[in-house]
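Reader: I've just opened this one and I'm new to it. Could you walk me through a few spots?

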Amino acid sequence: DETGNEKPQLDPFILPVGLDEFLLTCGISKDEPSMGLVININGDVSRGTIPLAKYPVSMGINYPHVVSSFGNSVIAYSLHDQSEAQSIEFSGDVKVINVYSALTEPYEDLVDLIKLSPLIGEDPEREVKELEFVSKISTIMTSLVCYCSNFIKILLPQPRLIRLQTFQNVEELEDELKSVDGSTELGVIELEYINLLIGLTHLKNKTYSQAFEIWTNGTVDPRILIYIFKYEVYGEVWCFNGLQGLIEEVRKLIKDNKFKKFFTSFLDKWISKESYTENTDIVKSVELANLRESLSDNSKVLKIMEKDISLTLPETIVILKDHGKHLALAKIYMKQGKFKEVLQIYKELEDNRMQDDSFKKGEGLTIIIDLVYKHFSDDEDLIWDIGLWLINKKPELGLNFFQHDGLKINIKDETLLISKIDDISLKYKYIEKLLVRLNKDKMRSNLVKNLHKTELKSLNERIRKYKSHTNQ
């Protein structure tokens with residue numbers, strides 16, 4: 001320096017942080033404040049600056065922490081927010097270092113967190129096996145040791161999943177996800193756990209647009225969200241103990257309108273996927289939840305019936321019957337070729353023996369007629385039954401029904417049909433049509449004359465009664 005005194009040289013620290021980042025330290029002297037910088041492979045600062053009270057004696061990394069020694073103290077800093085996470089004091093000077101081979105230690109508190117339990121029902125035998133499995137893999141790994149001339153101590157970090165319980169920021173969770181080693185059994189569990197934690201945290205924070213991707217891309221089981229909305233799920237659905245409390249928290253939000261809209265979009269997206277049909281339990285859970293969620297929208301229910309619902313057919317029929325969705329039920333029967341059941345539904349709707357909000361009175365008559373012409377044109381008993389029913393509902397339509405060329409049988413007893421018609425004018429009209437068909441023009445002409453006479457006589461009778469009534 002300018003005084004001619006040499007400043008002690010600082011040992012540089014360059015440590016790897018993950019696969020594409022490095023920690024560098026810089027300072028002026030050992031006793032003055034210094035800093036740690038995380039840079040990427042392009043040389044850009046990729047995280048915030050870690051402030052250090054003085055230049056460290058030694059440093060090591062056990063993600064997501066940077067651990068530095070300063071004389072007799074060891075301080076851990078978070079790589080997420082660059083804050084001081086923990087400080088440990090020793091009786092003498094110590095150093096830290098990363099060893100080449102990672103050390104593994106059991107960690108009992110992790111067992112209850114990652115043990116799978118059924119969301120619905122019980123399976124004691126499997127639960128015993130789950131406990132045995134997680135007890136075996138609930139370990140913590142570290143490559144960081146603290147040492148001096150008297151001892152060597154392992155510095156064990158808090159397990160990742162236990163640490164994450166306090167995280168509220170999804171970005172921090174996603175950052176943790178990047179560093180998980182998915183090649184180990186514990187790593188696979190960590191991936192599943194963190195992904196579900198991210199999905200649930202988005203729902204809890206009501207960040208639905210960000211939640212949509214993770215809940216529809218197959219990363220997490222969609223039946224968990226169906227369970228949250230209190231619909232029936234099929235198959236076994238197990239979940240980590242550590243997340244069941246969060247699931248119940250999210251369950252309290254299902255009355256929120258935005259959450260409901262998200263759930264509807266979530267179901268629509270899953271139904272539009274082709275690959276998800278590989279798991280029949282997921283198919284049944286999604287399709288039946290979608291049907292129940294759509295019961296207030298008649299048009300949507302009818303659209304659902306146009307799709308292939310073979311896997312959920314029995315349950316769908318029960319739901320439609322229970323909720324009076326008879327038109328939708330008729331669509332199913334039509335696809336199954338159960339045309340008599342379709343006829344019965346429309347007859348009962350027209351007779352008000354069934355109620356369906358989406359049904360308009362009278363629209364079933366032409367459907368019934370078309371069904372008879374297409375599928376029952378040679379069934380004489382059914383033709384008589386439908387035809388006479390039509391005459392009582394809408395006489396002109398009923399008469400046309402019997403005269404239509406679509407019928408493959410001839411009505412053998414015309415007098416019986418005529419006797420069933422109470423309205424005299426309608427009776428004459430039917431006979432007139434019958435005579436036209438038989439090419440009996442003269443008889444038709446006489447019939448028209450008689451009809452006019454009959455109507456005139458009926459009119460005179462009504463006038464007489466009216467006058468009689470007014471003179472009293």
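**A walk through the model**

Author: Let's begin with an open sheet of four strands, paired antiparallel in the order β1-β2-β3-β4. Strands here are DSSP runs of E with at least two residues, helices are runs of H or I with at least four, and both are numbered from the N terminus. Two strands pair if DSSP finds at least two bridges between them. This is a predicted model, where local features need pLDDT of at least 70 and side-chain atom pairs count only at pLDDT 80 or more, while totals for chains, interfaces and linings use all residues. Residues are numbered from 1 along each chain as its sequence is written, and side-chain values use heavy atoms, with hydrogens and water left out.

Reader: Is N290 buried or exposed?

Author: N290 sits in helix α10, residues 280-293. Buried means under 20% relative accessible area, exposed over 50%, and partly exposed in between, using a 1.4 Å probe and protein chains only. N290 has a relative accessible area of 5%, so it is buried.

Reader: Where do the buried residues of α12 fall, seen down its axis?

Author: Helix α12 (residues 313-322) has T316, I317, I319 and L320 buried. Their directions, taken from the helix axis to the C-beta atoms, fall within an arc of 165 degrees, so they line one face of the helix.

Reader: What covers the buried residues of α12?

Author: Contact means heavy atoms within 4.5 Å. The face turned away from the buried side carries the exposed P314 and D322. On the buried residues, the cover includes α10, α11 (298-304) and α13 (326-336).

Reader: Which helix gives the most to the lining of the largest cavity?

Author: A cavity is a set of points on a 1 Å grid, over the protein atoms alone, where a 1.4 Å probe fits but cannot get out, and lining residues have an atom within 4 Å of a point. Here the lining is Y231, E232, Y234, L288, A289, R292 and I319. With three residues, the one giving the most is α10.

Methods:
On a 1 Å grid over the protein atoms alone, a cavity is a set of points where a 1.4 Å probe fits but cannot get out, and a pocket is an open set with protein on both sides within 12 Å along at least five of seven lines; lining residues have an atom within 4 Å of a point.
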